[in-house]
Amino acid sequence: MLSIKNLSVSIHGKPIIKGLSLDVNAGEIHAIMGPNGSGKSTLASVIAGRETFDVDEGEITYMGKNLFDLPAESRAREGIFLGFQYPVEIPGVSIANFMRTAINEKRKYLGLDPLTGAEFLKLMEERKKMVDIQSKLTNRSVNEGFSGGEKKKNEIFQMAMLEPRLAILDETDSGLDIDALKVVANGVNKLRRKDNATVVITHYQRLLDYIVPDFVHVLYDGRIIKSGDKSLAFELEEKGYDWVKKETA
Amino acid sequence: MENESNKILEEVTGSEYKYGFYTDIEMDQAPPGLTEDTIRFISAKKNEPEFMLEFRLKAFRHWQTLKEPEWAHVKYPRIKYQELIYYSAPLKRAKHDSLDEVDPELLETFEKLGIPLNEQKALAGVAVDAVMDSVSVGSTFKKTLEEQGVIFCSFSEALQKHPELIKKYMGSVVPYRDNFFAALNSAVFSDGSFAYIPKGVRCPLELSTYFRINAANTGQFERTLIVAEEGSYVSYMEGCTAPVRDEHQLHAAIVEIIAHKDAEVKYSTVQNWWPGDKEGKGGVYNFVTKRGICEGENAKISWTQVETGSAVTWKYPSLVLKGDNSTGEFYSVAVTNNKQQADTGTKMIHLGKNTRSTIISKGISAGRSNNSYRGLVKTSRNAENARNFSQCDSLLLGDQCGAHTFPYLDVGNKSSIVEHEATTSKISEDQLFYCLQRGIDMEGAIGLIVNGYAKEVLSKLPMEFAVEAQKLLSISLEGSVG
């Protein structure tokens with residue numbers, strides 16, 4: 001589904017990702033772990049199409065397409081979803097309105113008729129239940145005055161609405177209490193299907209108690225320095241990043 | 001003998017009218033320039049009562065003593081008043097035979113705004129068949145209003161049919177001495193609208209749709225007068241979301257509203273005059289004086305405006321809160337793009353006790369435009385417990401535009417409470433990227449964010465116009481972020 005080959009990315013001439021390769025197939029959950037500043041969020045942003053970065057080398061293919069040929073909105077419509085680490089506020093725009101616009105843009109792109117008001121409301125109610133979102137939340141303006149937990153839950157709700165093929169969750173677990181963490185993890189697990197994939201970017205092993213990854217990658221200084229199965233996450237938790245660094249040095 | 005000489009005198013003077021300057025009475029338009037003769041010509045053309053001509057002449061004489069104001073934060077080349085044409089007969093013939101002949105760009109905008117086909121035709125000046133809705137809609141509309149005793153007609157018609165009401169109220173809120181453009185309008189105004197709601201009547205219709213169809217050709221110096229008698233209510237909508245390309249560059253309108261005891265008037269307007277090309281060439285100058293007075297106790301007037309058009313806008317819908325416990329509201333969204341300039345705001349003059357006013361102003365600047373809010377809140381010595389709340393927000397798109405706020409507060413009573421809040425924000429890249437990542441393209445994203453920002457004001461518009469106004473905001477900002 002997603003294939004990253006030898007990717008190098010910099011910002012204002014400063015290299016951040018330095019020759020990274022990664023393959024993600026349908027049905028898989030990948031966890032990318034690493035210390036602060038290792039390039040985790042940059043990787044997520046580059047896949048989503050943020051233009052503040054310079055891609056110096058390498059390629060990314062997604063569903064057989066060169067990702068760099070697609071602007072950010074087309075990537076989204078093709079099924080790439082980014083769960084933001086810091087979701088922004090959009091005052092005056094209700095979540096319902098925001099989602100309806102997004103879904104209908106995507107449907108238009110795919111050559112489908114827009115959802116009617118009734119169809120949309122039905123879908124929204126269904127997905128709210130699925131990911132355990134309070135019904136009031138969708139009437140509020142996007143992220144405005146939301147608590148940290150509400151913001152992250154809102155990201156998962158949007159993911160449930162948009163049904164992405166590839167979801168990248170950028171530190172969706174950071175700053176969450178255990179209940180919110182469960183909501184987030186639950187959402188991801190419920191949305192898991194054979195034909196979609198999830199990349200979970202996280203700092204801590206904690207989230208992986210609830211979302212069980214097929215692969216764990218350790219990102220350090222712009223490179224994946226170690227990959228393994230879920231046991232790698234436990235090992236990391238126990239021994240710290242220094243251990244991997246030394247081992248691969 | 002005396003009779004005969006009178007007859008001769010009459011003939012002579014009559015022929016003066018007929019063959020003097022007024023030989024031109026057959027003409028469809030006045031020669032360029034502005035003199036007392038021009039004013040007599042206009043008044044005669046319109047067959048106005050004597051008092052109207054006198055009013056015009058007084059206004060003209062006063063105007064001659066005035067200088068064009070320069071204090072607004074706008075720049076434009078000097079207007080050559082003696083080169084303008086002050087009267088031309090309304091076009092009787094349609095400009096086009098079918099929509100195919102109309103500028104496709106204009107049609108595309110109509111399409112985007114979702115304007116019904118028949119209205120599109122009317123707005124673009126296309127000939128319409130006799131069965132067209134507007135005729136039948138227009139007459140049922142009139143009938144419903146007449147049943148309630150509501151008068152709603154053109155200013156010219158009102159001058160013929162209800163001269164006593166015009167005489168009583170015209171100039172009572174905006175006297176011709178008020179300012180340069182008000183004096184000019186009072187001297188030469190072409191036509192406009194008159195609405196009168198009798199005592200205790202709740203106007204059964206929004207005075208809007210009908211007006212919109214007929215709004216396109218009202219000329220450059222409009223005059224609107226709305227009188228709401230005791231305990232009445234009316235919602236009045238003026239203007240047009242469709243882009244009106246007009247041959248007249250200068251527009252100087254006057255709107256006067258009188259609300260008597262316990263009456264309520266909601267006045268909404270959407271202004272989308274041609275703003276000129278990207279360099280601002282050829283756009284309309286819109287210099288408007290709008291003012292309402294809450295004459296009696298518990299009266300209420302609200303202004304809601306969405307301003308997206310014109311090259312230069314100079315407009316301060318104001319309210320005089322004279323009756324005790326009266327309420328004034330001003331809700332405004334002003335968008336400027338490319339090289340547009342807008343200097344707009346309001347004045348709230350608190351005279352009565354326990355009067356309250358609310359001001360919500362949302363400016364949106366893009367391109368290389370300049371957008372200013374200018375407002376005055378004044379509480380007089382006798383305005384015990386007057387209250388005002390003002391909120392002035394500015395939203396910037398890009399880094400070449402300007403937003404300015406000039407709030408003036410003049411508090412004359414110790415018990416007054418006057419609050420002013422102001423914010424300036426930019427559409428952040430994070431917000432745009434968030435939308436893009438959800439599959440919404442750049443223009444959709446800007447439209448969404450801007451409409452969210454202006455929601456507080458848009459929600460005050462009558463429903464049918466709120467939807468169009470939302471689309472209009474997005475269209476006005478198309479291409480503003482590269």
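## Contact between chain B and chain A

B:Asp430 and A:Arg50 form a salt bridge in which the closest N and O atoms are 2.6 Å apart. The model in which this pair occurs is a predicted one. Between chain B and chain A the count of salt bridges is 2. Residue pairs in polar contact between chain B and chain A, with both residues at pLDDT 80 or more, number 12.

Two helices of chain B, α11 (429-437) and α12 (442-453), each supply at least two residues of the side that touches chain A. Of the elements of chain B, α11(B) gives the most to this side, with 8 residues. Sorted by class, the side of chain B that touches chain A holds 8 nonpolar, 4 polar and 5 charged residues.

### Extent of the interface

The size of an interface is often given as the accessible area lost when the parts come together. For chain B and chain A, the buried area is about 2000 Å², and carbon and sulfur atoms give 64% of that area. Within chain B, the residues that lose the most area to chain A are B:Phe433, B:Tyr434 and B:Arg438, which together account for 37% of what that side buries. The contact draws on 17 residues from chain B and 32 residues from chain A.

The table collects counts for the contact.

| Item between chain B and chain A | Value |
|---|---|
| Residues from chain B | 17 residues |
| Residues from chain A | 32 residues |
| Salt bridges | 2 salt bridges |
| Polar contacts (both at pLDDT 80 or more) | 12 residue pairs |

### Helix α11 of chain B

Why is α11(B) described as largely enclosed by the rest of the structure? The description applies because 7 of the 9 residues of α11(B) are buried, where buried means under 20% relative accessible area. These buried residues are B:Gln431, B:Leu432, B:Phe433, B:Tyr434, B:Cys435, B:Leu436 and B:Gln437. Just after α11(B), B:Gly439 adopts a positive phi of about 95°.

### A buried threonine in chain A

A:Thr202 belongs to strand β10 of chain A, which covers residues 197-202. Is A:Thr202 buried or exposed? A:Thr202 has a relative accessible area of 0% and is therefore buried. The side chain of A:Thr202 is in polar contact with the side chain of A:Asp173, at 2.6 Å. Leaving aside residues up to four places away in sequence, A:Thr202 touches A:Ile32, A:Met33, A:Gly34, A:Lys40, A:Asp173 and A:Leu207.

Terms used
Residues numbered from 1 in each chain as written. Chains lettered and ligands numbered in written order. Predicted model: local features only at pLDDT ≥ 70, side-chain atom pairs only at ≥ 80, totals over all residues. Heavy atoms only, no water. Contact = heavy atoms within 4.5 Å. Buried area = accessible area lost by both parts, 1.4 Å probe. Salt bridge = Lys/Arg side-chain N within 4 Å of Asp/Glu carboxyl O. Polar contact = N/O pair within 3.5 Å; in protein donor to acceptor, adjacent residues only side chain to side chain. Helix = DSSP H or I, 4+ residues; strand = E, 2+ residues; numbered from the N terminus. Nonpolar A, V, L, I, M, F, W, Y, C, P; charged D, E, K, R; others polar. Buried < 20%, exposed > 50% of the residue type's maximum accessible area, 1.4 Å probe, protein only.
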